[in-house]
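Colleague: Before I rely on the labels in your notes, I would like to go through them with you and set each value against its cut-off. Could you put the model up first?

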Amino acid sequence: MAEESTDLAERFAALEGRLRRLEDQQEIARLIASYGPLVDSGSAEAVADRWEVDGTYEVDGWSMNGRAEIVAMVTGATHQGWIEGGCAHFLGPAHITVEGDEAVAVGHSLMVLHNGGEFVVRRATANRWRLRRGPAGWRVTRRTGRVLDGREESPRLLAALDPGAVEAE
């Protein structure tokens, strides 16, 4: 009987672990999916809230450090001009790997602009998100993006699927 109860306890613990990983992956997927609608609506504070207070958003040599710089990007003239003209940031499904309170998500994004009555892809980007679970849930510690224009580091960034992988420089 004791053996059966130990087996049941182990199975229950394993099931709890699997459920937690699925819930973590879902929360992270929702966080990433929220970026496009929020940034396209100009919801600067909500966009910045997806990051840790000292989180980094780095794309092709342009780095935003901390929430204030992310807010400044969203409220800045360039981004506001895109919103006024019509834009969509589309983030495809991400490959999410959770290891305890740390996670990595890797995927693609497209930036689409309305231009002369047509929608044109301005940029296709490889993205690697590092995330951490804290008291407020999952937050981005670093998002790294590289335009998919044939440069070597973009595919390397996409191949870095697990938390221990080295990001493309």
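Colleague: Why is Asp24 called buried?

Modeller: Asp24 has a relative accessible area of 5%, and buried means under 20%, exposed over 50% and partly exposed in between, with a 1.4 Å probe and protein chains only, so Asp24 is buried. This is a predicted model, in which local features need pLDDT of at least 70 and side-chain atom pairs count only at pLDDT 80 or more, while totals for chains, interfaces and linings use all residues. Residues are numbered from 1 along each chain as its sequence is written, and side-chain values use heavy atoms, with hydrogens and water left out.

Colleague: And what makes Arg133 buried?

Modeller: Arg133 has a relative accessible area of 19%, which is under 20%, so the label holds.

Colleague: How do you know that Arg133 and Asp24 form a salt bridge?

Modeller: The term asks for a side-chain nitrogen of Lys or Arg within 4 Å of a carboxyl oxygen of Asp or Glu, and the closest N and O atoms of Arg133 and Asp24 are 2.6 Å apart, so the pair qualifies. Arg20, Asp24, Asp101 and Arg133 are linked in a network of salt bridges, and the structure holds twelve salt bridges.

Colleague: Which salt bridge does Glu58 form with Arg142, and what is its N to O distance?

Modeller: The side chains of Glu58 and Arg142 meet at 3.9 Å, N to O, which is within 4 Å, so the pair is counted as a salt bridge. Glu58 lies in strand 1 (residues 51-59) and Arg142 in strand 7 (residues 137-147), so parts that are 84 residues apart in sequence are tied together. Glu58 also forms a salt bridge with Arg146, where the closest N and O atoms are 2.9 Å apart.

Colleague: Are Glu58, Arg142 and Arg146 buried or partly exposed?

Modeller: Glu58, with a relative accessible area of 8%, is buried, and Arg146, at 6%, is buried too, whereas Arg142, at 29%, falls in between the two cut-offs and is therefore partly exposed.

Colleague: With which residues is Val47 in contact, leaving aside its neighbours within four places in sequence?

Modeller: Taking contact as heavy atoms within 4.5 Å, Val47 is in contact with Tyr35, Leu38, Val39, Ile70 and Val74 once those neighbours are left aside.

Terms used
Helix = DSSP H or I, 4+ residues; strand = E, 2+ residues; numbered from the N terminus.
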